[in-house]
Amino acid sequence: LLLVAKAVWVTVSCYYLTPARIRRVLASQGVRGPPPRPLVGNLRDVSALVAESTAADMASLSHDIVARLLPHYVLWSNTYGRRFVYWYGSEPRVCVTEAGMVRELLSSRHAHVTGKSWLQRQGAKHFIGRGLLMANGATWSHQRHVVAPAFMADRLKGRVGHMVECTRQTVRALRDAVARSGNEVEIGAHMARLAGDVIARTEFDTSYETGKRIFLLIEELQRLTARSSRYLWVPGSQYFPSKYRREIKRLNGELERLLKESIDRSREIADEGRTPSASPCGRGLLGMLLAEMEKKEAGGNGGGEVGYDAQMMIDECKTFFFAGHETSALLLTWAIMLLATHPAWQDKARAEVAAVCGGGAPSPDSLPKLAVLQMVINETLRLYPPATLLPRMAFEDIELGGGALRVPSGASVWIPVLAIHHDEGAWGRDAHEFRPDRFAPGRPRPPAGAFLPFAAGPRNCVGQAYAMVEAKVALAMLLSSFRFAISDEYRHAPVNVLTLRPRHGVPVRLLPLPPPRP
Ligand code: HEM
């Protein structure tokens, strides 16, 4: 009886009392929004608006994509003002775009009182679990502390050789594809494979071929979880039988078995003293995680509630296979689409690569000198940020802008990164155009809080520097191996399926250039 009473109380509190309090606090500050329906909130409105705006491909190759991808943001910010609230089921999402408030929210001041909501964590449970991306509070702090050293600048230098080798294989595969079937190639699939190979080799001592099944399983689990999560707003729905649940369980079982085998193999190699480096960090992320787990097993300072156990190791591996793969692949794919449609910038970037690398492969010392490439990468991330939204739930009442906005505990703040990146107020009338020179050295830097491809503050992307090095290596080598032009088959149709991707891929025409010297 006590259990039933507790369940009733939790349900009433989650689905009625807390939302009512949040609504009251927001309304008292004039934060309004579309009227929510019981339980579903505005979910159906969002789905209908997005379905309509993305039903067809775009008529031209325009980068003005905010109304297509975030039509609800455009509609509601026009109707209710730049700060508005809508309801994702019973979770209120307060939209905030003011740069100062965004910066403040993401700063260390709020790092421990904001985080990932139950809905987000539940939605990512099977393909990420308790990994860093979805962790909160002290657990997040500990995990971040453990993995961050793997991505520090000095360690990244040691990864450049692997990245060059992976890109060499991609260049070979592209040359073979051109020789075999002509110069039309869908570049997105090659970039996905390249990014997968890079993360698998540098951090997990394996290759894309070995890790391929892991990537496929994560992708399939992501797809099935998105479907089965559509009804998460129904109280208790996570316990309902669903046609997806059995399949998710089966695939997750296979994924965890493969990861466990890979972890055990690495452990054996380390135990036999066959580690390529004496330091556990030398083996990349997996090595560091293993060392941490051993500390916990030995009851050392990694122990206690927040240390890594076997399941957490598996979840962290899933997280990095997922987070380090798709976003990087999309950055490369969109960059090639933009270079293929802006030949002058393509020539400029290629000339810089030739001057800096002298026909050889990029090295840790040459990478920082590739300024034009850096500008192209930044402009790609501005126009097509792989993560279009940043949600942060407040776990206690917080104030932003010196009290200008009180966010009640239980409300999520929703930062529409894509809209901020395309805001004419911050970027000028040409905000929707590809103009890499806005990032030229010596030009004023974008206002803090206006450029957020990797989020900001202590909970920013831990792989940011890694992703930048990877993108520079890959693009430098591709530019010196091929000229790209966009194919007549290309249909411009960006869509947001967790990340911002081209619905039909990016077919390009490749003109192979004479191979650079080895
Ligand atoms: C162009 C490539 C990438 C982009 C645009 C990107 C973007 C982001 C963003 C926006 C976040 C914050 C998400 C949130 O808190 O809601 C994030 C977090 C994260 N990213 Fe990346 N990422 C990229 C590449 C990578 C790579 C290569 C790795 C791993 C090697 C990685 C690992 C992570 C992890 C583990 C987190 C969670 C950090 C935390 O919560 O403390 N990312 N990324």
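In the protein chain of this predicted model, 75% of the contacts with a separation of 6 or more join residues 24 or more positions apart, where contact means heavy atoms within 4.5 Å. Local features here need pLDDT of at least 70 and side-chain atom pairs count only at pLDDT 80 or more, while totals for chains, interfaces and linings use all residues. Residues are numbered from 1 along each chain as its sequence is written, and side-chain values use heavy atoms, with hydrogens and water left out.

Turning to the overall fold, the protein chain holds 20 helices and twelve strands, taken as DSSP runs numbered from the N terminus, with H or I over at least four residues for helices and E over at least two for strands. The C-alpha trace spans about 75 × 60 × 45 Å along its principal axes.

Of the 518 residues, 52% count as buried, that is, under 20% relative accessible area, with exposed set at over 50% and partly exposed in between, using a 1.4 Å probe and protein chains only.

Now to the ligand: its iron atom has Cys461 (SG), at 2.3 Å, as the only protein donor, donors being N, O and S atoms within 2.8 Å of the metal (3.2 Å for Na, K and Ca), and since water is not among the atoms, sites may look incomplete. Cys461 sits in the loop between helix 19 (424-427) and helix 20 (464-481).

That loop between helix 19 and helix 20 also holds Ala455, whose phi is near 60 degrees, a positive value in a residue other than glycine. Most residues other than glycine have a negative phi. Ala455 is buried, at 15% relative accessible area.
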